[in-house]
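Visitor: I have a model open here and would like to go through it with you piece by piece. Could you take my questions as they come?

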Amino acid sequence: MREARIFYSGSTTQVCERIMKTAFAVMAVALGLLMLAGLRVSSTTGDEHVTSKDLDLLLQRRSYLKLERSLASDVGLSAEDRAFFTGIMANRRNRASQSISLLQPLVPWLSKVDRTKAAVALSTLADDYEKSFQYSAAADTYATLAQNYARDISGDELAKVKREARRWSLLRRAPPQTASVNTSFTIVTTRNRLGLVKAPVTIGSQQISMILDTGANLSAISRSAAVRLGLKLSSNQATMEGMSATPVPVHTAVIPELEIGDAAFRNVAVIVVDDKDMFIPDLQYSLPGSLGFPVLSALRKITFFAEGRFGVGLRSIPGSSVTGNLFLQRLTPIVAAGIRGKEELFTIDTGATGSFLSARYYQDFPDQFDSQMVDEVVLTGAGGTRTLPAYYAPQISLRLGGACARMEDVPVLIKPRGVPEDYFYGNLGQSALNVFPSYTFDFENMSFTIEGPACT
């Protein structure tokens, strides 16, 4: 039996989004897919019959490209509905302040007329507060959602909301992160034994190497590293679910000063994980710390070079015309890519060694695997390992970031995992990215570009 292993460097706060959930959640995903099949919204024509219910369905399905295009058309929405959907998309486009200004005034009204939308608005606001480093507001908003809307969300979502409330409450007294990035620069990077990109980081008077991980919701370090760096751990702890779905205790800490290249940060919040939960027994390897999305996005424009450099604020790739292909699902980047004549959204994670396609691909192209036996894919990260049944696509071509990405023997999950990521077409890790001379995330203009040949 063939088996591929994909390693994740992300913190357990990120890993918990990737684990298998209950059958109820799987059924909900499947129902959403079936409902979408009957959707009559045109993604490009601005159909005058687009309604609020149509946009609700696009939002449920995470079809952000179609939702954004539909909003740009002259659809007949009430002022409240337009503010709601525009606020949601502002969040997905990394414009937290605009999202807050649109959604915050709507919540009291929505709580009376549409509690489901009120719950979505509150969840989005909590995420906006996370992105704005307003930790107390994030914790309080999740607590309000758990206390007042328990009957309006699924059991899985309620459990997640309660975990989020506890996690952000650990940072209640933490000052907001600030960043000083006054010039463009490059630094030399290396790869660890898993093939993930590491960069030198200065914390106080000590220099350590940390993985540059766009897929990690928060930066993460081991308990021993936190002690060595003299960080003060939170007195309380939260319990997160690791890759193997077992509870993983975590604390939080705040790094007073952190430097990477010519960029200086203050008050960087990190998750602190016990050393044993960062250790991969069968490889006898401990996962190093990682710089997650809050730090990397604050650098605004970052470039990874295959030759071993990391750039900040560099000029765009000559001739690149890709714009607006990057979204966020909470603190995870989502990129649009062309695949088999369609445009789909993928999570993109520089802290993952491999790539895979979700069950949506299998549902769209089941005949491709008629002659195959079921194999496995193994996901390994903080908190353990998860083995999932999968087929393998011999070759996949993507129109990605203005270039043509070709991957071989790509795992294709057979069943939905029961997590929000099921709605996306897969996850793109280093196996899809490290073959190119360079690739760039622009978190200000929300675009992702690759230096490489275009698809013919």
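Visitor: Which residue in strand 15 is the bridge partner of Phe 185?
Guide: In this predicted model, the bridge partner of Phe 185 in strand 15 is Val 312. Strand 3 and strand 15, the latter covering residues 309–312, run antiparallel and are joined by 4 bridges.

Visitor: And what is the strand order of the open sheet of 5 strands?
Guide: The order is 3-15-14-24-25, and the pairing is antiparallel. Strand 3 (185–188) and strand 25 (447–451) stand at the edges with a single partner strand each, so one side of each has no neighbour in the sheet. On average, neighbouring strands of this sheet are turned by 15° against each other, with direction ignored.

Visitor: Strand 14 next: how many of its residues are buried?
Guide: For strand 14 (residues 301–305) the count is 5 of the 5 residues, so the strand is largely enclosed by the rest of the structure. Both of its faces are covered, with Lys 301, Thr 303 and Phe 305 buried on one side and Ile 302 and Phe 304 buried on the other.

Visitor: What does strand 14 pair with?
Guide: Strand 14 is joined to strand 24 (residues 438–442) by 5 bridges, the two running antiparallel, and Phe 305 stands opposite Ser 438 there. With strand 15, strand 14 pairs in the antiparallel sense over 4 bridges, and Thr 303 stands opposite Gly 311. Strand 14 and strand 15 also form a hairpin with 3 residues between them, and Gly 308 in that turn has a positive phi of about 110°.

Visitor: Which residues touch the most other members in the largest nonpolar core?
Guide: They are Phe 310, Leu 400 and Phe 448, in a core of 68 residues. Leaving aside residues up to four places away in sequence, Phe 310 touches, among others, Phe 185, Ile 187, Leu 212, Ile 260, Leu 296 and Phe 304. A second, separate core has 62 residues, including Ala 121, Phe 133, Ala 138 and Tyr 285. As a general background, nonpolar side chains in soluble globular proteins tend to be buried together.

Visitor: Changing topic, at what angle do helix 5 and helix 8 pack?
Guide: Helix 5 (residues 79–92) and helix 8 (residues 115–131) pack at about 35°, with their axes 10 Å apart, and their crossing is left-handed. On the helix 5 side the contact involves residues including Phe 84, Phe 85 and Ile 88, while helix 8 contributes residues including Val 120, Ala 121 and Thr 124.

Visitor: What does strand 18 pair with?
Guide: Strand 17 (residues 332–339) is joined to strand 18 by 6 bridges, and the two run antiparallel, with Thr 347 as the bridge partner of Ile 334. Strand 18 also runs parallel to strand 23 (residues 426–428), to which 2 bridges join it, and Ile 348 has Leu 428 as its bridge partner there. Strand 18 (residues 342–348) is mostly covered, as 5 of its 7 residues are buried.

Visitor: Before I compute anything on it, where is confidence lowest?
Guide: Confidence is lowest in helix 2 (residues 23–37), at a mean pLDDT of 34, and highest in helix 6 (residues 96–103), at 98. Over residues 11–47 pLDDT stays under 50, although the model has 95 contacts beyond four places in sequence for that stretch. Where pLDDT is low, the predicted coordinates should not be read in detail. The chain as a whole averages a pLDDT of 86, and 86% of the residues score at least 70.

Terms used:
Residues numbered from 1 in each chain as written. Predicted model: local features only at pLDDT ≥ 70, side-chain atom pairs only at ≥ 80, totals over all residues. Heavy atoms only, no water. Pairing = 2+ DSSP bridges. Axes fitted to C-alpha atoms, helices over the stretch in contact; angles between N-to-C directions. pLDDT = per-residue confidence, 0-100. Contact = heavy atoms within 4.5 Å. Core = buried A, V, L, I, M, F, W, Y, C linked by side-chain atoms within 4.5 Å. Buried < 20%, exposed > 50% of the residue type's maximum accessible area, 1.4 Å probe, protein only. Left-handed = near helix turned anticlockwise from the far one by under 90°.
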